[in-house]
Amino acid sequence: MSGQFEMVGIRPLPPAEPARPAPWYRGKPVLSAGILALLVLGCLVFRLAPVRDPAYMDLTRCSAAPCGEFLFGTDAMGRDVFSMIWYGGGLSLFIGAAATALSTLIAVVFGALSGCAPAWLDGVLMRLTEILLSVPSLLVVVLLQAALGEANVLSISLVIGLTSWTSMAKIVRTEVRQLRGSEYVLASRCMGGSFFHILRRHLAPNFFSSIMFMAVMNIRSAIVAESTLSFMGIGLPLEVITWGSMLSLSEQALLTGAWWIILIPGGFLVTTLLCVTNLAGALRGSGGRGQSNL
């Protein structure tokens, strides 16, 4: 019997392979960030050192197809589409950034004021916000732009910024109502801290990550709003080159078969919007609470 059986003990398990750390780029929108960085860099470089004057009209080369001389062709007025893409992209991105900066500032101040206000004033401010939310923003933009007169880059940025802060303000108000009873906020009030001091030092660092997603999405919305207004013919004039004003020539391009006048600016616009959306989604997924600066 002893020759048929072998007594064994607990066999040691083979050594486990060490877990490999995940690559730093996994789960991050590296491609979107890289493409967006290249677009911004290209707009800056070609704006400082343009290949051709984007506003120069060569009436002998109207609606010329892409070729060696004109990489992206020319539009119906003989302007080089390649130069217009990079020059107009800078203005479109500027409008998006400027409008978002204004709307974020208004949302932070208004939302924080509503969150810190007494119940009756908070109710009044929130009812006002809900009324503004119920009105289509495009109609308000058209109304404000008509009141300001002829459109320009600053006026378009202003009216878009003034109409895109309401949703963010409600988020800020909710965050502030959760933070206003914190010990460091109460201590700052007892020491005579002003509203803006408390907002800057204690409240904003804690809810800033919560609104980053909406702030980045507002850049996308502002670029779309400017393009929509220009496409409808009530935005920037044709001599002010943006991606939206380039798309406003789409009717003439369709009639003449000049597909590049629509496809190329539209492709750059859609690519930029997709990159911004991916970055905003990544910020939303990695958002967390900030820390108070005591």
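Guide: The axes of helix α3 (residues 119–134) and helix α6 (residues 166–179) come within 9 Å and cross at roughly 155 degrees. Axes are lines fitted to C-alpha atoms, for helices over the stretch in contact, and angles run from 0 to 180 degrees between N-to-C directions. Helices (H or I, at least four residues) are DSSP runs, numbered from the N terminus. This is a predicted model: local features need pLDDT of at least 70, side-chain atom pairs need 80 or more, and totals for chains, interfaces and linings use all residues. Residues count from 1 along each chain as its sequence is written, and side-chain values use heavy atoms, without hydrogens or water.

Visitor: How is α3 oriented relative to α6?
Guide: The crossing angle is roughly 155 degrees. Angles under 35 degrees count as roughly parallel, over 145 as roughly antiparallel, 65 to 115 as roughly perpendicular and the rest as oblique. α3 is therefore, relative to α6, roughly antiparallel.

Visitor: What is the orientation of α4 to α8?
Guide: The axes of α4 (residues 137–148) and α8 (residues 195–232) come within 12 Å. They cross at roughly 65 degrees. That makes the pair roughly perpendicular.

Visitor: Which residues of α8 does α4 meet?
Guide: The contact of α4 with α8 has 5 nonpolar, 1 polar and no charged residues. α4 supplies L138, V141 and V142. Their partners in α8 are T228, L229 and M232.

Visitor: How many residues of each class are in the contact of α4 with α5?
Guide: α4 and α5 (residues 153–162) pack at about 140 degrees, with axes 9 Å apart, and are therefore oblique. V141, L144, Q145 and L148 of α4 touch S155, I156, L158, V159 and L162 of α5. The classes are 7 nonpolar, 2 polar and no charged.

Visitor: Which residue follows α4?
Guide: α4 has 12 residues and reaches 16 Å from its first C-alpha to its last. The next residue has a positive phi, near 100 degrees. That residue is G149.

Visitor: Where is confidence highest?
Guide: The protein averages a pLDDT (the predictor's confidence in each residue, from 0 to 100) of 81. Confidence is lowest in α10 (residues 250–256), at a mean of 72. The highest value, 89, belongs to helix α2 (residues 81–116).

Key
Helix = DSSP H or I, 4+ residues; strand = E, 2+ residues; numbered from the N terminus. Expected span 1.5 Å × (residues − 1). Contact = heavy atoms within 4.5 Å. Nonpolar A, V, L, I, M, F, W, Y, C, P; charged D, E, K, R; others polar.
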